[in-house]
Amino acid sequence: MKKRLLRRLAMFGTALLLSSITMIPAFAAQISGHLDTVTADSISGWAWNAEAPEECLSVEIAISSNEGPGAATFTMTQALNPREDLKIALGSANHGFTCQVDWTKLTGDVFTVTASAISGEEKIPLIGTYSVSRETLIPAKETADSANAVTANCSLPLMD
C-alpha cells in the first residue's frame, strides 16, 4: 500500500514539474502547441512554429506509468495533419498530430502523457499533461494479456 502511494506521489510530482516548465518564458519562444486529447486509442494535439509557419515540427510523445522510471515509453510523430480550427487560429491548418496507441500493451495502472515539439536541438514542452487510469482507457476484458511495450502508429519509429 505504501509503495503504491509513493509511486502515485512520484507520478504526480513529475506531472507537476513538467506542467510548470511550460510556464517558464525561456521555453515559450516562438514554438507553441498543445496536447489536446488522450483517448482509448489515440493521443492528439498540435505544434506550430510562429517564425516558420509552414514548417512541420516533430513531436515527441512520452507515456510513463506508475511502474517506475523504467516504464516510460517515447514515440515520435509529425505535426502535419490538417485541422480547420488551427487554420482560423494560426493561419495554417497543417499543424495537428494524432498517434494511435494500444494501451493494452503497457504495464501499470496509471499513465502520464506529455508531449514536446522538437526543433533542431530544442525540445519545447507542449501545454497539457494527462494523467489517466487504465480503467478509463481499456475495458476490463481487454486487459488480460498486457506486455511491456506500446504500439504507436506514428510516422517515426517507436523508441524506448
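How many residues does the largest nonpolar core have, and which of them have the most contacts inside it? The model is predicted. Its largest nonpolar core has 23 residues. Those with the most contacts inside this core are Ile43, Val59, Ile61, Ile63, Phe97, Trp103 and Val113.

Strand β7 gives the largest share of the core, four residues.

Leaving aside residues up to four places away in sequence, Val59 touches Ala47, Phe97, Ala115 and Leu126, among others. The list of its contacts also includes Thr75, Met76, Thr77, Ala79 and Ser116.

Next come the aromatic rings. The structure holds one aromatic pair. Its partners are Trp103 and Phe111, with ring centres 5.3 Å apart. Their planes lie at 45°, so the pair counts as tilted. Trp103 is buried, and Phe111 is buried too. Trp103 is also among the core residues with the most contacts.

Is Gln100 buried, partly exposed or exposed? Gln100 is partly exposed, because its relative accessible area is 31%, and the partly exposed class runs between under 20% for buried and over 50% for exposed. This residue is found in strand β6. Gln100 and Ser42 are 58 residues apart along the chain, yet their C-alpha atoms are separated by 4.2 Å.

How values were computed:
Residues numbered from 1 in each chain as written. Predicted model: local features only at pLDDT ≥ 70, side-chain atom pairs only at ≥ 80, totals over all residues. Heavy atoms only, no water. Core = buried A, V, L, I, M, F, W, Y, C linked by side-chain atoms within 4.5 Å. Buried < 20%, exposed > 50% of the residue type's maximum accessible area, 1.4 Å probe, protein only. Helix = DSSP H or I, 4+ residues; strand = E, 2+ residues; numbered from the N terminus. Contact = heavy atoms within 4.5 Å. Phe/Tyr/Trp six-rings, centres within 6.5 Å; stacked < 30°, edge-to-face > 60°.
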